[in-house]
Structure formats: structure tokens, C-alpha cells
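The sequence and the structure come first.

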Amino acid sequence: MLPVTAAPATTVSFDDRFARELPEMAVPWQAAEVPDPRLLVLNDALAAELGLDPDALRSPEGVRLLVGNAVPDGARPVAQAYAGHQFGGFVPRLGDGRALLLGELTDVEGRLRDLHLKGSGRTPFSRGGDGLAAVGPMLREYVVSEALHALGIPTTRSLAVVATGRPVRRETLLPGAVLARVASSHLRVGSFQYARATGDVDLLRRLADHAIARHHPASADAENPHLALFEAVVAVQASLVTRWMLVGFVHGVMNTDNTTISGETIDYGPCAFLDAFDPATVFSSIDTGGRYAYGNQPIVAEWNLARFAEALLPLVSDDQEQAVALAVSALERFRPQYNAAWTAGMRAKLGLPEGLDDEVTTALVEELLALMQESRVDLTSFLRALGTAARGDAEPARRVVLDLARFDAWLERWRALGPDSEAMDRANPVYTPRNHLVEEALDAATAGDLTPLQRLLEVLARPYDERPGLERYAAPAPGGTGPYRTFCGT
């Protein structure tokens with residue numbers, strides 16, 4: 001491990017709760033020395049939320065803190081251990097192969113938050129990898145995670161991206177970077193799978209109690225706290241995946257090690273937003289079988305939660321059969337919770353009145369989705385155009401639909417229900433991270449021009465607020481761009 005220097009005591013104060021309470025899952029480690037750290041982007045608003053001084057973070061010592069090379073007294077950086085099902089295959093020992101948990105911060109609202117690095121160098125979990133990250137993928141996570149936050153979707157947040165001055169070899173040599181990421185925690189289904197695989201039930205119990213205290217404290221008062229923990233995670237994951245589906249977000253790598261206990265979105269490797277609406281859409285270059293296609297995401301989330309249930313079984317009941325029965329009963333709540341959230345979300349997006357019979361809503365939604373898929377419409381702009389249709393002008397929506405007779409019949413039934421156009425505008429964003437614009441910004445930033453990136457971030461920070469002069473950010477991908485592919489960046 002390389003030596004580190006101490007940052008000024010006034011910079012930031014870390015707790016090391018995870019490392020103290022779960023030492024079996026935390027390997028003390030230090031970030032690799034960064035030869036030439038240069039701040040590319042800093043999230044001032046998030047820094048203030050964390051009680052940090054943005055100007056101090058921009059200083060040379062602040063930038064060294066953001067790459068893990070200037071660690072405050074009392075901090076104990078660790079690489080976290082976890083397991084995971086990756087594309088359905090179980091790997092018992094994954095862990096932070098290119099990341100470190102610097103520690104926990106208490107934000108201005110008194111909430112405990114992790115400060116975590118990606119691209120900070122090799123760790124004992126690197127498994128032959130170089131432990132590094134390139135500028136493009138780290139900026140992608142910054143852009144898309146902040147976009148999801150602005151859309152109201154629970155997510156890890158991006159505090160900063162720092163160029164390292166060290167090249168990273170992928171298909172070619174690329175400029176290296178470190179991402180500083182903030183999360184409610186980095187506990188995941190894979191954390192529980194790791195603890196269960198050790199055979200140490202005491203460790204599993206301490207991990208579960210840590211998760212309850214940190215994320216689902218009401219579970220502690222339940223008759224069966226660990227079953228209540230599972231039920232709480234089922235609920236937050238059902239809500240999270242629904243929100244992804246409603247905006248056309250494709251995570252791309254829904255392994256169990258990327259399924260959080262908090263219900264936050266984590267890991268923005270091969271993620272992207274739908275262009276042409278199609279449930280079979282896959283963007284990830286490595287998802288050759290379509291396991292994590294857009295339309296599969298609810299099913300995959302349920303599958304991942306089943307793996308979580310398996311890990312928790314020794315805590316749910318000493319009787320194996322009873323534990324399985326209780327876990328299955330709890331897991332069976334996922335689909336009704338997801339379906340209810342989806343129906344409510346689509347009702348809002350279509351401006352339908354509260355109290356409308358769910359069967360009426362479902363029939364309208366299913367026919368609309370079939371029309372959208374047949375015409376391969378752009379999800380974001382089409383749903384926004386329906387708001388214009390609710391005001392009386394259906395042409396922006398009609399011009400992208402193939403079967404006009406069928407769509408006009410649908411419009412007539414929908415308009416008869418009195419859709420609320422203003423409510424629709426609050427539920428349907430104008431701006432999402434359009435893939436061609438993200439690539440444009442990342443390419444420019446990699447080449448040294450941060451202007452397109454900063455402009456894109458400004459637009460995405462107010463996704464529901466239509467503004468003049470930003471038409472290109474609301475427009476669908478231009479024709480002829482070809483199939484879009486994303487890469488994990490490792």
C-alpha cells in the first residue's frame with residue numbers, strides 16, 4: 001500500500017462505522033497515488049448538502065482528498081467484500097476491485113452517507129484487473145446518476161470526477177479518472193450473499209442488523225425483524241424498478257451485487273435511456289443474451305430478491321421449511337407492488353383522474369404501449385407530446401405513429417376521460433440523457449473540452465422545465481445513428 005498524507009482537519013471528518021461493525025467484510029486499503037490530479041467536475045450542491053466546502057474541495061489538498069491521496073485523521077479507507085450473481089452465475093468473492101470506501105459522512109440533515117471512490121487502483125479484490133477507470137465512463141456515471149436524481153429516482157450521487165494524469169489501457173490508451181460517489185450505503189444483495197457463503201451466521205446477523213439500523217429502522221420493532229428487512233427491501237426495489245421503467249432507463253447490468261438494500265440505483269456502466277420504444281432493447285455490449293433488456297428488469301429484480309431471501313433464511317427462522325415459506329410469501333408481494341406502482345405511474349403520465357378503475361387504466365396503457373412498440377416511437381418525446389394532445393393538438397404525437405386509425409381511436413377514448421395536461425407535464429420529462437448527446441459530451445471531455453458536458457448537466461438538472469433554445473436536447477436521436485452500444489468501462 002502506498003503512503004498517504006493527512007488532509008487538513010477542517011476539510012472533512014469521516015466515521016468508519018462499516019469497517020468497525022463488519023471487519024470481516026472490510027479490507028483496510030489505500031488509494032493508488034495519483035500523479036497529476038486535475039478536477040474535471042465538482043457537484044457544488046451535493047458538496048454543500050454533505051456539509052463540505054466546495055472551494056476547499058477545489059484546492060490542491062481537496063482534490064487529493066477526492067482521489068483518496070489526502071485522507072483526514074481518523075479515516076480508515078477500506079475495500080468492501082461482497083459476492084454476486086453476475087449474469088446468473090454465482091461468484092462467491094467479488095468485492096471492490098477498483099474502489100474504496102473512504103468512510104461515512106453525516107450530512108446537513110443528519111443522514112449518514114458513504115463517500116466512495118471508483119478507479120482508485122488495485123485492491124485485494126481486483127482479480128487481475130488494473131483497478132483503474134477512464135474519464136469517459138466516470139463522467140457517464142456523473143451525468144446519468146445526476147439525471148436520475150433530478151428525475152426524482154433514488155440513486156447514488158456523483159460528487160466529483162478527477163483526471164489522474166495516468167493513462168488507462170482498454171481497447172486503446174485512455175485518460176484515467178477517479179469518481180467520488182456518495183450513497184446512503186453500499187450494502188447490496190451481494191453483501192448478504194458473501195456473508196451467507198462464509199457460513200458465519202453471527203456475521204450475517206450483524207450485517208442484517210447494520211442494514212436495519214441504517215436503512216429500515218422500523219423493521220427492528222417487527223415481530224421478525226429480519227423478515228421485515230426483506231419485506232422492506234422488496235418494497236423499495238419494486239418502487240425503484242418501476243421508476244426506471246416509467247422513464248425508459250435501462251440499467252444494463254442488474255447483477256445481485258448491483259441491487260442495493262437502500263433502494264438506490266447503483267453502478268452506471270452500460271446504462272442508457274430508450275430511444276425507440278421496444279421492451280427487448282439491450283444496450284450493453286456484454287449482454288449478448290438480453291438478460292437485462294429493458295422489459296426484463298422487473299423480472300430480474302424479483303429474481304435478485306429471491307437470492308437475497310436465500311441469504312437471509314438462517315435469520316428468518318431456525319426451521320428451514322418455515323423460513324422458506326415466510327420468505328416466499330414476502331417475495332410474492334413484489335409483483336403486486338410493482339404492478340400497482342406501474343399503474344399509478346402510467347396514470348400520472350397519461351393525466352388520468354384519481355379513482356379511475358385500474359382495469360380502464362390498464363387497457364389504455366397496454367394498447368398505447370403496443371402502438372408505441374409497433375411505431376418504435378421515442379419514449380420521452382412521445383409521452384411529452386401526449387400532453388400537447390391533451391391540450392387539443394395531437395399532430396406532434398400522430399406524426400410518429402404508423403397505425404393512425406388505431407391511434408386516433410385510442411386518442412378518442414383517452415380524451416373522453418379528461419386528461420390533465422399540466423399533471424402530465426409534471427410526470428413526463430422533456431429532457432433525459434439522450435445517448436447521442438451523452439456520447440458527444442463524453443468524447444469532447446475526453447479530448448479536453450468540458451463545455452458540452454457542463455451544458456448537458458445544466459439541461460438535465462431541470463428535466464421537466466421546457467426552455468427555449470434547448471430543442472436539440474429534447475429531440476429524438478437523429479436517423480442513421482445505428483444501434484447504440486454501451487460498455488462497462490473495465
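## Domains and model

The centres of domain 1 and domain 2, taken over C-alpha atoms, are separated by 42 Å. The domain assignment of the protein chain places domain 1 at 17–183 and domain 2 at 352–419; these bounds come from an automatic or database domain assignment.

This is a predicted model, in which local features need pLDDT of at least 70, side-chain atom pairs count only at pLDDT 80 or more, and totals for chains, interfaces and linings use all residues. Residues are numbered from 1 along each chain as its sequence is written, and side-chain values use heavy atoms, with hydrogens and water left out.

## Helix 12

Helix 12 covers residues 358–375. Helices (H or I, at least four residues) and strands (E, at least two) are DSSP runs, numbered from the N terminus. With 18 residues, helix 12 reaches 26 Å from its first C-alpha to its last, close to the 26 Å expected at 1.5 Å a residue; the expected span is 1.5 Å times one less than the number of residues.

The buried residues of helix 12 are Thr-361, Leu-364, Val-365, Leu-368, Leu-369, Leu-371, Met-372 and Ser-375. Seen down the helix axis, they fall within an arc of 160°, so they line one face of helix 12; the arc is that of the directions from the helix axis to the C-beta atoms. Buried means under 20% relative accessible area, exposed over 50%, and partly exposed in between (1.4 Å probe, protein chains only). Exposed Glu-359 and Glu-366 sit on the face of helix 12 turned away from its buried side. The buried residues pack against helix 11 (334–349), helix 13 (379–390) and helix 15 (404–415).

At the start of helix 12, the backbone nitrogen of Glu-359 has a side-chain oxygen of Asp-357 within 2.7 Å. Just after the helix, Arg-376 takes a positive phi of about 50°.

## Arg-384 in helix 13

Arg-384 belongs to helix 13 and counts as buried, at 13% relative accessibility. Beyond its neighbours within four places in sequence, Arg-384 is in contact (heavy atoms within 4.5 Å) with Asp-425, Asn-428, Pro-429, Val-430, Tyr-464 and Glu-466.

## Annotated binding-site positions

UniProt, in an unreviewed entry, lists Gly-95, Gly-97, Arg-98, Lys-118, Asp-130, Gly-131, Arg-181, Arg-188 and Asp-267 under "binding site". They span 173 residues in sequence and the farthest two C-alpha atoms are 23.5 Å apart, so they do not all gather at one spot. UniProt positions follow the numbering used here, feature names are shortened, and annotations may be inferred rather than shown by experiment.

Arg-98 lies in the loop between strand 5 (89–91) and strand 6 (99–106) and is buried at 14% relative accessibility. Gly-131 is in the loop between strand 7 (112–118) and helix 5 (135–150), and is buried at 4%. Outside four places in sequence, the contacts of Gly-131 include Gly-97, Arg-98 and Gly-119.

A "binding site" annotation in the unreviewed UniProt entry covers Asn-258 and Asp-267. Asn-258 is in the loop between strand 10 (249–250) and strand 11 (272–273), and Asp-267 is in the loop between strand 10 and strand 11.

Asn-258 is buried, with a relative accessible area of 8%. Leaving aside neighbours within four places in sequence, Asn-258 contacts Arg-188, His-251, Val-253, Ile-266 and Asp-267. With residues up to four places away not counted, Asp-267 touches Lys-118, Arg-181, His-251, Val-253 and Asn-258.

How values were computed
A polar contact is a pair of N or O atoms within 3.5 Å; within protein, one must be able to donate a hydrogen and the other to accept it, and residues adjacent in sequence count only if both atoms are side-chain atoms.
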